[in-house]
Structures are given as structure tokens and as C-alpha cells.
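Try each task before you read its solution.

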Amino acid sequence: MAYARKMGIGALMVALAVLALATGGSAQLQYGFYKNKCNASDVEAVVRGIVKARFAREAPIVAYLLRLQFHECAVNGCDGGLLIDGPGTEKTAPPNLSVKGYDLIAAVKAELERRCPGVVSCSDIEILATRDAVALAGGPAYTVRTGRRDRRQSRASDVKLPGSEYTAAQAIAYYAKLGMTAYDTVVLLGAHTVGATHCSSIKNSRLYGYGGKMGATDPAMDPTLASTYKKYVCPNVTSSNGNTVYLDDQWSALKVDNNYYKNLQRGRGVLLVDQNLYRDGSTRGFVDQLANNNGLFQSQFAKVLVKLSEVNVLTGTQGEIRKVCNKFN
């Protein structure tokens, strides 16, 4: 307390208030925020139980929730805005039309409302559910801080998400707006280890129009893989646009591991933005590090997911705690 006596209690309180404003809502998040706040229920255990049951019958839920968390937190922060139904909401923006997992969030919310009405936010449920799914899929078990509140805003016009054809530089610039470094960006894109896309996302950029040249295939793509896609998965006809393409090898497509990076080394990345991470000299070294060390990927993936989960959150008396996640109170 010597420092407090030197500067005076009043000045110290002002300094602390300024610090709180500078660090934003994330400074008010806490580990175990809901402890003893939901009657006799352990909020995080309730979430984990529901996610575990869903994962047992639908393992791709991990990919759905990772995507949901990113599409949520990348637009105005982790505030539950993506969950709102209605015309002109974030959910109706074109990049979000294929987002899944809303029903799981709603199921968790309903159970927690039964146990302790008006206590647990929808935005916290999103973060907790994603964390639990990642661990169930073989990824890292990590702790998250809670105490988020839900924003009373959801606008489709706010949705500006990164493109599947971004260069490494464009991806880094986008994620920098979320507080991510270049290394964080490479780690976060590792979420594609459990992802999937459609032929429409790669036909023009990688198979039949690379670099804007008609019929050109990306020279960085493994020739055998390119041939397989062209013949069997994504033939150059409109009817193949909706065919599913795994972003990782199919045997690894439901595992949170570093095989995604090994594929980039072999020219077997699927999305142009993914392969561009290895094509670009500024990020290739990061890919090599993560490809060669699954433990490193696991630990760093946990860190970036936590970092993402704390982007521009509402806490304290800001926003609201919704009664249901798909509409404002």
C-alpha cells in the first residue's frame, strides 16, 4: 500500500477507473462467474452434459460451434447478436445462412432458465459450449472466463467476414482488427481441421479459374488431389456447387488436431486462404511449427479461442440476460 499512500487514495481510485475503461469489458469477466448463482446447479456442468450428449450422436457439432463462435465474435464482439431471429438480423446475412448449432444453444438456454431464470447469458453459453465440444473432439481442455451479457443489437449490415480467397496478408489484416497477431491468425485458421465447405468455394479460385485465368488450376495444389476433385467431387458443372468438401482429410475431419497444417505443407489445403498461409513466406514458418508439433497447436489453439471469446464483450449492467436466445427481452 506504499504506492497508494504516495499518490493518495483519491488519485489511485481515479487511476483504477481509467484502467478499467481502457481494458474494456473483458477485464470484468471472471473464472467461475456463475458459481453459487444458479441455485444448486453447476452451470458449466449443465452445459457440458448437454454438449456431450449432442456430440455422442452428432460429432460434427464441434465444427458447427467453432464456426458459430467465430461468426459471432468477429461481428461486434461475443454478444449473442448472431442468435437473434428476424428480418435484417446478423443471422440473415449471406455468410451466416449456413451457420449451424443454434438449436444446441437454445436447448442449453432452456435448461438453464428452468434451473435459474435470468442468470446465464446466451453469449456465455456459446463460449462454454464451443469449449466443451473442442475438448470432446480431441482438442485442448481449457478454461474460459464468463460474465458476458447479451447485446440488444443485431444487424445484417454489420456482418463483414473474411473471404475464402484471401491472401495471407488480407487474412492477417482482418484478424488484426480482432486483436490477433499474424501467428494467432495461422493458429485460429486451424479450426478448419474440423471444417467443411462446398465445391462452390473452390471451383473458381482453385480448380478452374485460378488467378482469374479460365481453366487454370492452382499450381500449389497437389496434382492428385486436384484430379480427384475435378473427376469425382467438384466436376465443372453447376450441379456440383453444393457438394461437400472436407477442409481436412476425411479420417481427421472430426478431430481437433494439427493434420490441417500437414496438409498445407503437402499442397493439400482446400480453401485458397488456407493454402496461401503456406505460399506466403511470412506465415510459412508458423505453419511448419504447428505441423511438426501437435502439442504446440493444442496449447496455442486454446489461447486464441480464449482471446477470440473476449473480443468486445458486454459485462456488468450492460446489455441484458435474454430469456430466450433468439429474441430480445
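**Exercise 1. Is Arg268 buried, partly exposed or exposed, and which residue does its side chain meet in a salt bridge?**

*Solution.* Keep in mind that this is a predicted model.
- Step 1: Arg268 has a relative accessible area of 25%; buried would need a value under 20% and exposed one over 50%, so Arg268 counts as partly exposed.
- Step 2: In a salt bridge of 3.3 Å, N to O, the side chain of Arg268 meets that of Asp222.
- Step 3: Arg268 sits in the loop between α11 and α12 (272-279), and Asp222 in the loop between α9 (203-208) and α10 (223-233), so the pair ties together parts that are 46 residues apart in sequence.
- Step 4: At 19%, Asp222 counts as buried.

**Exercise 2. Where do Glu111 and Arg114 lie, and how many residues apart are they?**

*Solution.* 
- Step 1: Both belong to helix α5 (residues 102-115), three residues apart, which is about one turn of the helix.
- Step 2: An α-helix has 3.6 residues a turn, so residues three or four places apart point the same way.
- Step 3: The side chains of Glu111 and Arg114 meet in a salt bridge of 2.7 Å, N to O.
- Step 4: Arg114 counts as exposed, with 59% relative accessibility.

**Exercise 3. Which residues does the UniProt annotation "binding site" cover?**

*Solution.* 
- Step 1: The unreviewed UniProt entry lists Thr193, Asp249 and Asp257 under this annotation.
- Step 2: Although they span 65 residues in sequence, no two of their C-alpha atoms are more than 11.2 Å apart, so they gather at one spot.
- Step 3: Asp249, from this set, belongs to the lining of the second largest pocket.
- Step 4: Thr193 is in the loop between α8 (182-188) and β1 (196-198), while Asp257 is in the loop between β2 (244-246) and α11 (259-265).
- Step 5: Thr193 is buried at 0% relative accessible area, and Asp257 is buried at 13%.
- Step 6: The side chains of Asp257 and Thr193 are joined by a polar contact of 3.0 Å. The Thr193 side chain also has a polar contact with the side chain of Asp248, at 3.1 Å.

**Exercise 4. What span should helix α6 (residues 122-136) have at 1.5 Å a residue?**

*Solution.* 
- Step 1: Its 15 residues should span 21 Å.
- Step 2: The end C-alpha atoms of α6 are 21 Å apart, which agrees.
- Step 3: Of the 15 residues in α6, 13 are buried, leaving the helix mostly covered.
- Step 4: Just after α6, Gly138 adopts a positive phi of about 90°.

Terms used:
Residues are numbered from 1 along each chain as its sequence is written. This is a predicted model: local features need pLDDT of at least 70, side-chain atom pairs count only at pLDDT 80 or more; totals for chains, interfaces and linings use all residues. Side-chain values use heavy atoms; hydrogens and water are left out. UniProt positions are given in the numbering used here, feature names are shortened, and annotations may be inferred rather than shown by experiment. On a 1 Å grid over the protein atoms alone, a cavity is a set of points where a 1.4 Å probe fits but cannot get out, and a pocket is an open set with protein on both sides within 12 Å along at least five of seven lines; lining residues have an atom within 4 Å of a point. Helices (H or I, at least four residues) and strands (E, at least two) are DSSP runs, numbered from the N terminus. Buried means under 20% relative accessible area, exposed over 50%, partly exposed in between (1.4 Å probe, protein chains only). A polar contact is a pair of N or O atoms within 3.5 Å; within protein, one must be able to donate a hydrogen and the other to accept it, and residues adjacent in sequence count only if both atoms are side-chain atoms. The expected span of a helix is 1.5 Å times one less than its number of residues. A salt bridge is a side-chain nitrogen of Lys or Arg within 4 Å of a carboxyl oxygen of Asp or Glu.
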